Amino acid sequence: MRVVIAPDKFKGSLSAPDVAEHLATGLQAGFGHGIEATRIPVADGGEGTIDAAIGSGFTRRTTTVTGPLGDPVKADFAVRDQEAVIEMAAASGLALLPGGPTSETAKAATSIGTGELIRAALDLGCRKIILGVGGSANTDAGAGVLQGLGAVFLDKDGNELPGGGAALADIDTIDFSNFDVRVEATEFVLASDVDNPLLGASGAPAIFGPQKGATPDDVTELDAALNHFVDVLAAATGQQARSAAKAPGAGAAGGVGYIAIAALKAERRPGIDVVLEFTELEERLKGADLVITGEGSLDEQSLLGKTPMGVSRAAQRNGVPVIAVCGRSTLSREQLTDAGFHTVHALTDLEKDVQKCIAEAGPLLEQLGRHIGVYLAERTENKEYLNV
C-alpha cells in the first residue's frame with residue numbers, strides 16, 4: 001500500500017510538514033507493516049510555500065534583510081540549482097510588525113526586504129525566481145522591491161525618499177543607475193490567486209489596506225500616492241508601466257504584484273499550480289493507491305483553487321482516490337463529492353472544542369491517521385484497497 005500525503009498547513013496550529021508527519025505516524029500505527037507513506041507538503045503560493053519547496057529537494061537559505069518597518073530581520077528562501085522560491089511574507093509580512101498593524105504601519109511599511117531576498121537569490125546564481133505573495137504588511141505598489149534591487153527614489157529637491165506607500169506621493173524621479181542588471185536575464189513567476197488591479201475601488205489600498213491597519217482616509221491617501229508612482233514609473237520606463245497597473249493580480253501583496261508584472265516581467269500563475277509543479281506531485285502520484293490532502297478549514301474558499309482542490313484535481317487526473325483531512329469542514333456532502341473527495345475526516349469529529357483542536361492538532365491527526373490506516377488494512381485484506 002502506497003499513500004501520498006500532500007496537505008497544506010493547519011493555519012495557527014501546524015505547518016504542512018508537521019501535518020504530514022503526524023498523519024504518517026497514525027497511518028503506520030493503524031495499517032501495520034507494508035504501508036509506504038510519501039510525504040509531500042504543499043501550499044497555495046502563500047505562507048508555507050518555502051516548506052513545500054524544502055520538502056521537494058530545495059535547500060533552505062537564510063539571509064538578513066530589511067523588515068517592513070526598516071528593522072533587520074532574518075528571512076528564509078529556498079534554492080535548487082538555478083531556481084529559487086521566495087515567500088515575501090518572510091521579509092515583508094504582517095507577522096513581522098511588532099505591535100500589529102496600525103494606521104501608521106499601513107502607510108510606512110515597505111517591501112524592500114523582498115527585493116533584497118531576490119538579490120540574494122541572484123547572488124547564488126538563480127535565474128528563475130518564484131515569488132509567492134500573501135500576508136504582506138506593505139501597500140507600496142512594490143516600490144520597495146525596486147529599492148531592494150538598487151533603484152533610488154528622489155523627491156523634487158533630490159532627497160531620497162523613505163520606504164512605504166505614503167512616501168510615494170512625493171516621488172519626482174527614479175534613479176536606475178545602480179539597478180541590478182541581472183533582473184533582465186531572470187525568469188520571474190508571480191504565484192498569486194489575487195486578480196485585483198493596483199488602483200481604484202478594487203485596488204490594493206481599498207480592498208487590502210484595511211486588513212493592514214489603513215483607515216478610510218489612509219486608503220484615499222495611499223491610492224493617490226500609488227497612482228502618482230505609476231505616473232512616474234511610466235515616465236521613466238514606458239507606458240507598459242501604466243497598463244500593468246490594470247492587469248489582474250497587480251493589486252496582490254500591497255501592489256508587489258504590480259511591480260512584478262511591470263518591472264520584473266513576471267508571469268502570473270495560480271499559486272497551487274506553481275507549487276504542485278515544483279513539488280512534482282503528478283509524477284510522484286504514479287503508482288499510489290491513495291492520496292490524503294487537507295488544510296485547517298475546508299470551506300467555500302477551499303473550492304476556489306486552494307491546496308486541497310489542486311491536489312484533488314491532480315489525483316483525479318492520475319486515477320488515484322482522494323481523502324481529505326481538516327480541522328473543520330463547512331462543506332456539504334454534495335460539495336465534497338463534486339470536489340473529488342471520497343471521504344473527509346475533521347478534527348472536530350474527534351473533539352468538538354475548536355480551541356482544543358487547534359492546541360492538540362498533532363495527536364488528533366495521528367488518531368485520524370490511525371483510523372484511516374485501519375480502514376485501509378481491512379480493505380487490503382479483502383482485496384478492496386483500490387476502492388476506497
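## Helix 11

Helices (H or I, at least four residues) and strands (E, at least two) are DSSP runs numbered from the N terminus. Helix 11 is followed by Glu 280, which has a positive phi near 55°.

## Basis of the model

The model is predicted, so local features need pLDDT of at least 70 and side-chain atom pairs count only at pLDDT 80 or more, whereas totals for chains, interfaces and linings use all residues. Residues are numbered from 1 along each chain as its sequence is written, and side-chain values use heavy atoms, with hydrogens and water left out.

## Aromatic pairs

Rings of Phe, Tyr and Trp (its six-membered ring) pair if their centres lie within 6.5 Å, with planes under 30 degrees apart counted as stacked, over 60 as edge-to-face and the rest as tilted; by this rule the count comes to four aromatic pairs. The rings of Phe 58 and Phe 278 have centres 5.5 Å apart and planes at 65°, so this pair is edge-to-face. Phe 58 lies in the loop between helix 2 (49–54) and strand 3 (59–66), while Phe 278 belongs to helix 11 (residues 271–278), so the pair ties together parts that are 220 residues apart in sequence. Both Phe 58 and Phe 278 are buried.

Elsewhere, Phe 153, Phe 229 and Tyr 258 are linked by ring pairs into a cluster.

## Surroundings of Val 4

Val 4 is found in strand 1 (residues 2–5) and, at 0% relative accessibility, counts as buried. Its C-alpha atom is separated by 6.9 Å from that of Leu 285, a residue 281 positions away along the chain. With neighbours within four places in sequence left aside, the contacts of Val 4 (heavy atoms within 4.5 Å) include Thr 38, Ile 40, Leu 281, Arg 284 and Leu 285.

## The chain as a whole

The secondary structure of the chain comes to 16 helices and 13 strands. Buried residues make up 54% of its 388 residues, and residues 24 or more positions apart account for 72% of the contacts with a separation of 6 or more. The C-alpha atoms fill a box of roughly 80 × 40 × 35 Å, taken along the principal axes.

Methods:
Buried < 20%, exposed > 50% of the residue type's maximum accessible area, 1.4 Å probe, protein only.
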